[in-house]
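Subject: The model, and what turned up in it

Hi,

Here is the structure I promised to send over. Have a look at it first, and then read my notes below.

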Amino acid sequence: MSKKVVDVNDLPYADGDFYSFEQLLSDAERERLQQVRDFLAKEVKPIAVDYWNRAEFPMDLIPKIAELDVMSPVRRQGYSNLFAGLMHAEFTRADTSIATFMGVHDGLFTGSIEALASEEQKAAWLPDIYAMKKIGAFGLTEPLGGSDVAGGTRTTARREGDKWILNGAKRWIGNATFSDWVVIYARDEADNQVKAFLVDTSSEGYSASKIENKIALRSVQNADITLENVVVPDEFKLANGNSFRDTNKVLKVTRLAVAWQAVGQQLATFDVARRYAVERIQFGRPLASFQLVQDQLVQILGNAVASMSMMVRLSQLEDQGEAKDEQSALAKAYTTARMRESVALGRSLLGGNGIVTDYEMAKIFSDAEAIYSYEGTYEINTLVTARAITGISAIV
């Protein structure tokens with residue numbers, strides 16, 4: 001006998017927040033989070049797969065996001081880190097490419113200015129950045145420097161009077177094909193320290209070429225950057241970006257954002273897998289009526305809840321100024337590992353339909369691979385955590 005088909009719109013736990021973590025937010029933060037959800041449902045979700053398939057970025061979204069006014073929610077707007085994390089998860093849940101655009105512009109780029117610029121520099125630059133009149137990128141990773149970029153930065157900076165001359169190359173730089181500015185991290189030839197510079201992308205000697213043939217984050221315009229005797233005025237050297245320790249101040253915070261992306265990715269997986277299981281009929285019954293399918297759905301939900309639990313506590317520690325680098329590293333490693341399990345389960349649950357983007361799961365599955373690798377690979381973050389609990393470094 002066939003089971004009664006459930007209307008997906010009547011399903012409980014529509015927000016996937018199985019343990020009601022959002023109740024920890026203030027009333028104003030919950031209202032703001034719903035505004036963000038409504039915006040994403042209207043403006044982002046309907047176009048995300050199409051732009052992903054075409055490997056194009058929806059440029060007309062930028063002024064709409066600017067109008068939503070979500071830039072720098074903690075430092076500028078006074079919201080909690082928990083709110084900021086849940087909001088970033090919601091962006092990822094709607095589309096990982098748009099979330100990554102925001103992570104680059106609002107997190108890595110703006111975070112570099114907020115953390116490393118002088119007060120005078122911030123006053124001059126941040127208004128246009130917050131208003132998204134100037135879009136930024138973050139130039140750290142290099143063609144021959146990924147996990148070892150802390151000690152292996154090859155891009156150089158040489159001071160000549162009141163200016164700096166930059167030479168080198170960067171790779172995997174999100175937003176770089178259309179950004180107005182990019183923060184470039186380069187090794188000072190004089191003292192061998194990594195320093196930060198705000199570079200105008202219209203500068204002579206600067207070029208950015210789009211990286212093609214990606215299987216993840218296809219809407220994100222990652223680029224190879226080449227710097228050939230690019231002149232940067234001394235006032236565009238970030239005043240407080242004078243060593244890689246300073247760079248780590250930015251990465252510690254953005255690593256939390258990527259871990260929240262892993263939460264959002266799992267919630268997206270849950271959304272698509274549950275809807276499919278309820279609506280798809282096999283053997284005269286909804287897929288959701290089979291025990292093995294229910295087990296898969298609960299595993300996906302359990303991974304998401306476990307990841308969210310870790311991130312809620314870490315966000316609270318960040319609000320208290322007590323979060324540590326190794327805690328961010330563990331969060332990034334753990335949540336992305338659970339994410340990888342979840343998206344594999346979701347893809348399997350959809351069967352053959354899980355390998356075409358028509359059903360969205362293939363896009364979610366592919367995008368997860370990028371999250372797993374950037375902002376420190378799973379392996380590097382594991383070693384950072386292990387160093388903290390053993391006192392012994394296994395990183396060569």
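The notes go through the domains, then the pockets, then the cavities.

Some housekeeping: this is a predicted model, in which local features need pLDDT of at least 70 and side-chain atom pairs count only at pLDDT 80 or more, while totals for chains, interfaces and linings use all residues. Residues are numbered from 1 along each chain as its sequence is written, and side-chain values use heavy atoms, with hydrogens and water left out.

**Domains**

The protein chain is split into domain 1 (21–116), domain 2 (135–243) and domain 3 (245–390); these bounds come from an automatic or database domain assignment.

Residues 27–131 are 79% helix and 0% strand, with the end C-alpha atoms 26 Å apart. For residues 246–389 the figures are 78% helix and 3% strand, and the end C-alpha atoms lie 23 Å apart. Helices (H or I, at least four residues) and strands (E, at least two) are DSSP runs, numbered from the N terminus.

Domain 2 and domain 3 have their C-alpha centres 30 Å apart. Their contact (heavy atoms within 4.5 Å) takes 13 residues from domain 2 and 11 residues from domain 3. Between them they bury about 900 Å², 60% of it on carbon and sulfur atoms. Buried area here is the accessible area (1.4 Å probe) that two parts lose on being put together, summed over both. On the domain 2 side, S147, L217 and S243 lose the most area to domain 3, together 49% of what that side buries.

**Pockets**

First, the terms: on a 1 Å grid over the protein atoms alone, a pocket is an open set of points with protein on both sides within 12 Å along at least five of seven lines, a cavity is a set where a 1.4 Å probe fits but cannot get out, and lining residues have an atom within 4 Å of a point. Grid points are joined across faces, edges and corners, and a volume is the space filled by probe spheres set on the points.

The largest pocket holds about 1400 Å³ of space. It is lined by 48 residues, with T141, G146, Y374, E375 and G376 the closest to its centre. α7 gives the most to this lining, with 9 residues. By class the lining of the largest pocket has 23 nonpolar, 16 polar and 9 charged residues. Ala, Val, Leu, Ile, Met, Phe, Trp, Tyr, Cys and Pro count as nonpolar, Asp, Glu, Lys and Arg as charged, and the others, Gly among them, as polar.

The second largest pocket has about 780 Å³. Of its 26 lining residues, A14, K45, R93, D271 and R275 lie nearest the centre. This pocket lies between domain 1 and domain 3, because both give residues to its lining. Here too α7 supplies the largest share, 7 residues. The second largest pocket's lining has 11 nonpolar, 2 polar and 13 charged residues.

**Cavities**

The lining of the largest cavity has 5 nonpolar, 1 polar and 5 charged residues.

Cheers
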